[in-house]
Every structure is written in C-alpha cells, then in structure tokens.
Amino acid sequence: MSATAANDGLLPGRISLRWDPDQINGKLLFAIPKKGRLYDPSVDLLKRCDLKYRRKPRLDVAGCLTLDVVFVFLPAADIPLYVSEGRVDLGITGQDVIREARADVDELYELDFGKCRLCVQVPVNSSCKKPE
C-alpha cells in the first residue's frame, strides 16, 4: 500500500501523518471505505462507537484519537484483499464485494447498511420486456 501525505508532523498524541511503520506497530489497522455508498454509514458507525479521528484532506490514513487504532481509507473493492493478505486487521465492505473478490476472510458481523438494488435496463424499443 502507498499513502501520501504532507509532512505535517503528528496528530495530537497519536501517529505521524506519514505512513511510517514505527508509528503503526502494535496498532489495529481498520480499513474503511474511502467513498461510495458505504462511506457515510461507516463513518457514522465509528462516531457512535466513539472512535474519533482527524483525517486530513486527500490523506487515506488517520490515527484514532481514543484507541490504538489506525484507520486506512481504501476503495471498498480493495478491502477484502487487504484483510485476506493481512495488510489490515479488519475492515468494512459489502458482502457482494467479498464474494466477488473470493477473499478468504471471516465475516464477523452484518452491519445491516449499504443494501444495494440490482436494476436491469434495456433500450425502449427492445423486444425484451422481462429479465429472463
């Protein structure tokens, strides 16, 4: 993984804003979707659990201010791979993404958000009228 950041020093009492292995040793690495339909519900869940952090704009790593946790903001589709390879300890992503990635991960808890709906579209003048 690569993370880029300005050389802004330290978050108060926590980690450097650079991706420095010495700053994350012994901390839980928690992957969070960086955008998309799962981003807002994931961030809301963290807030409800009192897992506070400060994330600089365009920075994909943020230290938790309340626990020894580092949040790694990744595309939702990459999270199963990062978890299965041990690059992060846990993450939030869609069950559909896990199945598509064929990642060897344990689903610990169903969060019951981020439901998706499948829509089938055809041209108006198509002879196909039902998805069969």
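Which residue forms a salt bridge with D50, and how far apart are the closest N and O atoms? The partner is K52, and the closest N and O atoms of the two residues are 3.5 Å apart. The legends below describe close-up views of a predicted model.

View 1. The side chains of D60 and K34 meet in a salt bridge with an N to O distance of 2.9 Å. This pair links distant parts of the chain, since D60 lies in the loop between α2 (39-48) and β2 (61-63), whereas K34 lies in the loop between β1 (28-33) and α2, 26 residues apart. D60 also meets the side chain of R55 in a salt bridge, here at 3.1 Å from N to O. Through such shared partners, K34, R55 and D60 are joined into one network. The three residues are partly exposed, with relative accessibilities of 22% for D60, 27% for K34 and 26% for R55.

**View 2. The largest nonpolar core.** In soluble globular proteins, nonpolar side chains tend to be buried together. The largest nonpolar core of this model has 11 residues in all, among them F30, I32, L45, L46, A62, V69 and I92. At least two residues of this core come from each of β1, α2 and β3 (69-74), and β3 gives the most, with three residues. Apart from this core lies another, of 10 residues, which includes L29, A31, I79 and V88.

**View 3. Aromatic pairs around Y53.** A search of the whole structure finds three aromatic pairs. One of them is formed by Y53 and F71, a tilted pair with 5.3 Å from centre to centre and 55 degrees between the planes. Y53 lies in the loop between α2 and β2 while F71 lies in strand β3, so the pair ties together parts that are 18 residues apart in sequence. The rings of Y53 and F73 have their centres 5.6 Å apart and their planes at 50 degrees, so this pair, too, is tilted. Because F73 lies in strand β3 and Y53 in the loop between α2 and β2, the pair ties together parts that are 20 residues apart in sequence. F71 counts as buried, at 0% relative accessibility, and F73 is also buried, with a relative accessible area of 1%. Ring pairs link F30, Y53, F71 and F73 into a cluster, and F30, F71 and F73 are also among the residues of the largest nonpolar core.

View 4. L108, Y109 and L111 form a nonpolar patch on the surface, and their accessible area together is about 370 Å². L111 is found in the segment after α4 (95-101), and it counts as partly exposed because its relative accessibility is 31%. This value meets the requirement for a patch residue, which is a relative accessible area over 30%. L111 is also touched by L45, whose contacts, not counting residues up to four places away in sequence, are I92, L111 and F113.

Methods. Residues numbered from 1 in each chain as written. Predicted model: local features only at pLDDT ≥ 70, side-chain atom pairs only at ≥ 80, totals over all residues. Heavy atoms only, no water. Patch = residues over 30% accessible without salt bridge, like charges linked within 9 Å, V, L, I, M, F, W, Y side chains within 5 Å. Areas by Shrake-Rupley, 256 points an atom, 1.4 Å probe, with all protein chains shown as cover. Salt bridge = Lys/Arg side-chain N within 4 Å of Asp/Glu carboxyl O. Helix = DSSP H or I, 4+ residues; strand = E, 2+ residues; numbered from the N terminus. Buried < 20%, exposed > 50% of the residue type's maximum accessible area, 1.4 Å probe, protein only. Core = buried A, V, L, I, M, F, W, Y, C linked by side-chain atoms within 4.5 Å. Contact = heavy atoms within 4.5 Å. Phe/Tyr/Trp six-rings, centres within 6.5 Å; stacked < 30°, edge-to-face > 60°.
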